[in-house]
Amino acid sequence: MLLQVEDIHSYYDKSHILHGVSLEIKPGELVCLLGRNGVGKSTTLKSIMGVVEPRSGSVKFNGRELAGMPPFAIARLGLGFVPEERRVFKSLTVHENLQIGIKKGIGTGPQWTLDKIYEAFPRLKERQKNKGAHLSGGEQQMLTVARTLMGNPELILIDEPTEGLAPLIVKDVLDMLAHVSESGVSILMVEQNFKAAIRVAKRFYVMGKGKIVFEGDKDALDAAEDIRKNYLEV
């Protein structure tokens, strides 16, 4: 396994958010963590990345224990994190944002260069001289993912990549993630939009109130009517 999360419990002060979450990612997988707002999906990503330190349980990446490590050290092992807020540097150009993401000698995933990024993201090449503030929401999402790829991660954690985007832009972002996955980078994606997720993900976890309540492929999730009704549908 590339990533093994076993029975983690995470808190914000005294608030117990994650109640024994376990999941795993194999090399090359695009896996989606689904669930409604407030059930602990983002906290799961932050617990893997070290932004939130689990009080118990294990997080292993390529067999190495991550729990207790600071985020910068985890990133140096080959994990990338794309937060929901995107955090594009709005006063810098697309090209400058990408240059900030370069981390030489870090990660053992596919090696990404500026030329390769512009080949994979032609829209960013067209907008390379534009400042981050002048990009659309979808373009900012693409830029954040591309900037993360400049660190050559083996695994990217992506929080709500389609949040707030128009349907046509959602398609572009999903196509981009599928392309990144096909390049050999593993992806763990947090998403609320079930219909969007099933277009790209091969395997799914569903969360409810800080726990994993389902794990399986698309066919299994299609068959799990109670899970969809109780934990996904509005």
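These questions and answers walk through a predicted model, from its sheets to its helices. Local features need pLDDT of at least 70, side-chain atom pairs count only at pLDDT 80 or more, and totals for chains, interfaces and linings use all residues. Residues are numbered from 1 along each chain as its sequence is written, and side-chain values use heavy atoms, with hydrogens and water left out.

Q: Which residue of strand 4 stands opposite Gln-4?
A: Strand 1 (residues 3–12) and strand 4 (residues 56–61) pair in the antiparallel sense. Five bridges join them. The residue opposite Gln-4 is Lys-60.

Q: Which residues of helix 1 are buried?
A: Buried means under 20% relative accessible area; exposed is over 50%, and partly exposed lies in between (1.4 Å probe, protein chains only). Helix 1 is mostly covered, with seven of its nine residues buried. They are Lys-41, Thr-43, Thr-44, Leu-45, Ser-47, Ile-48 and Met-49.

Q: Which residue follows helix 1 with a positive phi?
A: The phi of this residue is near 90°. The residue is Gly-50.

Q: Why is strand 8 described as largely enclosed by the rest of the structure?
A: Strand 8 covers residues 186–191. Ser-186, Leu-188 and Val-190 point one way, Ile-187, Met-189 and Glu-191 the other, and all are buried. Strand 8 is largely enclosed because its buried residues number six of the six.

Q: What is the relative accessible area of Leu-188?
A: Leu-188 lies in strand 8. Leu-188 touches, among others beyond four places away in sequence, Leu-23, Ile-25, Leu-45, Ile-48 and Leu-157; contact means heavy atoms within 4.5 Å. Leu-188 is buried, and its relative accessible area is 0%.

Q: How far apart in space are Leu-188 and Leu-3, C-alpha to C-alpha?
A: In sequence, Leu-188 and Leu-3 are 185 residues apart. Their C-alpha separation in space is 9.8 Å.

Q: Which residue stands opposite Val-190 of strand 8?
A: Strand 3 (residues 30–34) pairs with strand 8 in the parallel sense over five bridges. There, Val-31 stands opposite Leu-188. Strand 7 (residues 155–159) also pairs with strand 8 in the parallel sense over five bridges. The residue opposite Val-190 is Asp-159.

Q: Which residue of strand 9 stands opposite Val-31?
A: Strand 9 (residues 203–208) is largely enclosed, because six of its six residues are buried. Four bridges join strand 3 to strand 9, and the two run parallel. The residue opposite Val-31 is Arg-203.

Q: Which residue takes a positive phi in the hairpin of strand 9 and strand 10?
A: Six bridges join strand 9 to strand 10 (residues 211–217), which run antiparallel. Tyr-205 has Glu-215 as its bridge partner in strand 10. Two residues lie between the strands. The one with a positive phi near 50° is Lys-209.

Q: Are helix 6 and helix 7 roughly parallel or roughly antiparallel?
A: The axes of helix 6 (residues 137–149) and helix 7 (residues 167–182) come within 9 Å and cross at roughly 15°. Angles under 35 degrees count as roughly parallel, over 145 as roughly antiparallel, 65 to 115 as roughly perpendicular and the rest as oblique. Helix 6 and helix 7 are therefore roughly parallel.

Q: Which residues of helix 6 make the contact with helix 7?
A: From helix 7, the contact includes Ile-169, Val-173 and Met-176. From helix 6, the residues are Gly-138, Gln-141, Met-142, Val-145 and Leu-149.

Technical notes: Axes fitted to C-alpha atoms, helices over the stretch in contact; angles between N-to-C directions. Pairing = 2+ DSSP bridges.
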